[in-house]
Amino acid sequence: MDQLLVIRRWLELTLARVDDKISVVRAAEEEQARRRPLPEPPCWWIEYGIGATRRPERVHTGVCRITSRGRPASRESVLEVLRTMPSVIACPLCRPDSELGLLDG
């Protein structure tokens, strides 16, 4: 019984050291995450439909996040999609057509 109690105590001490090390590593990772700058959002965003075709459905400004079914896009590609695909609409919330100057007459 004495041997088992000694082993138990050794395991407790070892577990305490491991827990201390975990705390140190977590704190370092959190500090590193705080220091890491967030990536800038894309300027433009194209939302794609679901299904096999995955055609563009809407365009958004880069800060609009009402959908997760999209990809970052360049200004030129958003303009091309809006001009050549009549079924694609500009998001009514973030108004990329206004920002692109398509509503200015």
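# Exercises on a predicted chain

Thr61 has its place in strand 2 (residues 56-61). Helices (H or I, at least four residues) and strands (E, at least two) are DSSP runs, numbered from the N terminus. The model is predicted: local features need pLDDT of at least 70, side-chain atom pairs count only at pLDDT 80 or more, and totals for chains, interfaces and linings use all residues. Residues are numbered from 1 along each chain as its sequence is written, and side-chain values use heavy atoms, with hydrogens and water left out.

**Exercise 1.** Is Thr61 buried or exposed, and which residues is Thr61 in contact with, leaving aside its neighbours within four places in sequence?

Solution. 
- Step 1: Buried means under 20% relative accessible area, exposed over 50%, and partly exposed in between (1.4 Å probe, protein chains only).
- Step 2: The relative accessible area of Thr61 is 5%, so Thr61 is buried.
- Step 3: Contact means heavy atoms within 4.5 Å. With neighbours within four places set aside, Thr61 touches Cys43, Trp44, Trp45, Cys94, Pro96 and Glu99.

**Exercise 2.** Describe the sheet and find the bridge partner of Ile46 in strand 3.

Solution. 
- Step 1: Two strands pair if DSSP finds at least two bridges between them.
- Step 2: An open sheet is formed by 4 strands in the order 3-1-2-4, with mixed pairing.
- Step 3: Strand 3 (70-73) and strand 4 (89-90) are the edge strands, each pairing on one side only.
- Step 4: Strand 1 (residues 44-48) and strand 3 run antiparallel and are joined by 4 bridges.
- Step 5: Arg71 is the bridge partner of Ile46 in strand 3.

**Exercise 3.** List the elements of the chain in order and explain why the chain is more spread out than a compact globule.

Solution. 
- Step 1: From the N terminus on, the order is α-β-β-β-α-β-α.
- Step 2: The radius of gyration is taken over C-alpha atoms, and the globule rule is 2.2 Å times the number of residues to the power 0.38.
- Step 3: For 105 residues the rule gives 13 Å; the radius of gyration of the chain is 27 Å, well over that, so the chain is more spread out than a compact globule.
- Step 4: The C-alpha atoms fill a box of roughly 90 × 35 × 20 Å, taken along the principal axes.
- Step 5: Of the 105 residues, 25% count as buried.
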